[in-house]
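Here is a short briefing for a reader new to this structure. Please look over the sequence and the model first.

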Amino acid sequence: MKIALIEPLRISKDLLNDLAAPLRAAGHAFTAYDAKAQTPAEMAARVRGQDIVMIANTPFPEVVAQGADQLKMLDVAFTGIDHVALDACRKKGVVICNCANYSNQSVAEMTLGMALSLLRKLPEADRAIRAGQGGGAWMGREIGGRTVGVIGTGRIGAQVIRLFQAFGAKVIAYSRTEKPEIKALGVTYLPLKDVLSQSDIVTLHVPATPETKHLIGAEELRCMRPGSLFINCARGPVADALALRDALNEGKIAGAAVDVYDQEPPLPADHPLFGAKNLLMTPHTAYLTEEAMIRRAGIAFENVAAFLRGEPQNVC
């Protein structure tokens, strides 16, 4: 079969060659591109004639899917697949697989890091010392003893819970499915608005689906305490950006940290969150660690091998 990795996986060439070696040894034609396609037309040219295509988080639009004349499998080296033209692919009978769980630890650590940054006012303290100021004005708060509300208790949410508990926080949670293993950690499940109203820190860990779009909107943000913090390392559409901006600017919550948006960064200059106070923003990097990229690549190539064996895994 013809197999193409049409964008880099951010791993070394040596590791890429090691992962691709079994495919080539089995007689498959494997092509890897070392840069992203700059236009849909360029992407379509890379995809055309391929049986299996591997992508990461670059959008895979409908126009590309429609021109994928031989495509049998789309291997998405990412957790979410909302950047893929799913209907167009499925109408052509394309099997879509993802690489869930490669970034559990990296996203959980980023969530904790954002909480620490907000509580200890690290960006402000950095600016202060560079401006020749002392540190007396930057009194922070501790995680220990605070209540953390985790919304979504999948594998990432579960790891977030463990890390916050290690810092001495009390954790409560909301999820559509209550899991015995989460309860075994001493976590109490509550209705969403109760989690919001009782938490000092609220962190999102749910996928982007039609059901979760704007799960956190103006009404939900009004439930939060004035001194509370909000963190989103999940998916941008889960939280209403306009409502979050207004909640921050009106002092309904004390601060927020956001890594994900309604579109992939770079963001337009008029993005509503640029006008928000007390907001820490990062350009969708929670998943991005050296270790996570190695895990992701391994899963992606395992997906291809499983498909070639007639035993597809991680099918979405």
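The points below cover the sheet, the pockets and the cavity.

This is a predicted model, in which local features need pLDDT of at least 70, side-chain atom pairs count only at pLDDT 80 or more, and totals for chains, interfaces and linings use all residues. Residues are numbered from 1 along each chain as its sequence is written, and side-chain values use heavy atoms, with hydrogens and water left out.

**The sheet**

- Five strands form an open sheet with parallel pairing, in the order β2-β1-β3-β4-β5.
- Helices (H or I, at least four residues) and strands (E, at least two) are DSSP runs, numbered from the N terminus. Two strands pair if DSSP finds at least two bridges between them.
- β2 (29-32) and β5 (95-97) stand at the edges with a single partner strand each, so one side of each has no neighbour in the sheet.
- From one strand to the next, the twist averages 15°. Axes are lines fitted to C-alpha atoms, for helices over the stretch in contact, and angles run from 0 to 180 degrees between N-to-C directions.
- Helix α1 (residues 13-25) packs on the sheet and touches β1 and β2. Its direction makes about 155° with that of β2. Contact means heavy atoms within 4.5 Å.

**Strand β3**

- Strand β3 (residues 52-55) is covered on both faces. Ile 52 and Met 54 are buried on one side, and Val 53 and Ile 55 are buried on the other. Buried means under 20% relative accessible area, exposed over 50%, and partly exposed in between (1.4 Å probe, protein chains only).
- β3 pairs with strand β1 (residues 2-5) in the parallel sense over three bridges. Ile 52 is the bridge partner of Ile 3, and Leu 5 stands opposite Met 54.
- β3 also pairs with strand β4 (residues 73-76), in the parallel sense over four bridges. Here Met 73 is the bridge partner of Ile 52.

**The pockets**

- On a 1 Å grid over the protein atoms alone, a pocket is an open set of points with protein on both sides within 12 Å along at least five of seven lines, while a cavity is a set where a 1.4 Å probe fits but cannot get out. Lining residues have an atom within 4 Å of a point.
- Grid points are joined across faces, edges and corners, and a volume is the space filled by probe spheres set on the points.
- The largest pocket has a volume of about 950 Å³. It is lined by 40 residues, and Thr 79, His 205, Val 206, Pro 207 and Ala 208 are the closest to its centre.
- α5 (104-119) and α7 (155-166) are the elements that give two or more residues to this lining. α7 gives the most, with three.
- The lining of the largest pocket has 18 nonpolar, 15 polar and seven charged residues. Ala, Val, Leu, Ile, Met, Phe, Trp, Tyr, Cys and Pro count as nonpolar, Asp, Glu, Lys and Arg as charged, and the others, Gly among them, as polar.
- The second largest pocket has a volume of about 330 Å³. Of its 16 lining residues, Leu 118, Lys 121, Glu 124, Asn 278 and Leu 279 are the closest to its centre.

**The cavity**

- One cavity of 30 Å³ or more is found in the whole structure. The largest cavity has a volume of about 90 Å³.
- Its lining has 13 residues, and the closest to the centre are Gly 236, Ala 239, Ala 241, Val 260 and Leu 273.
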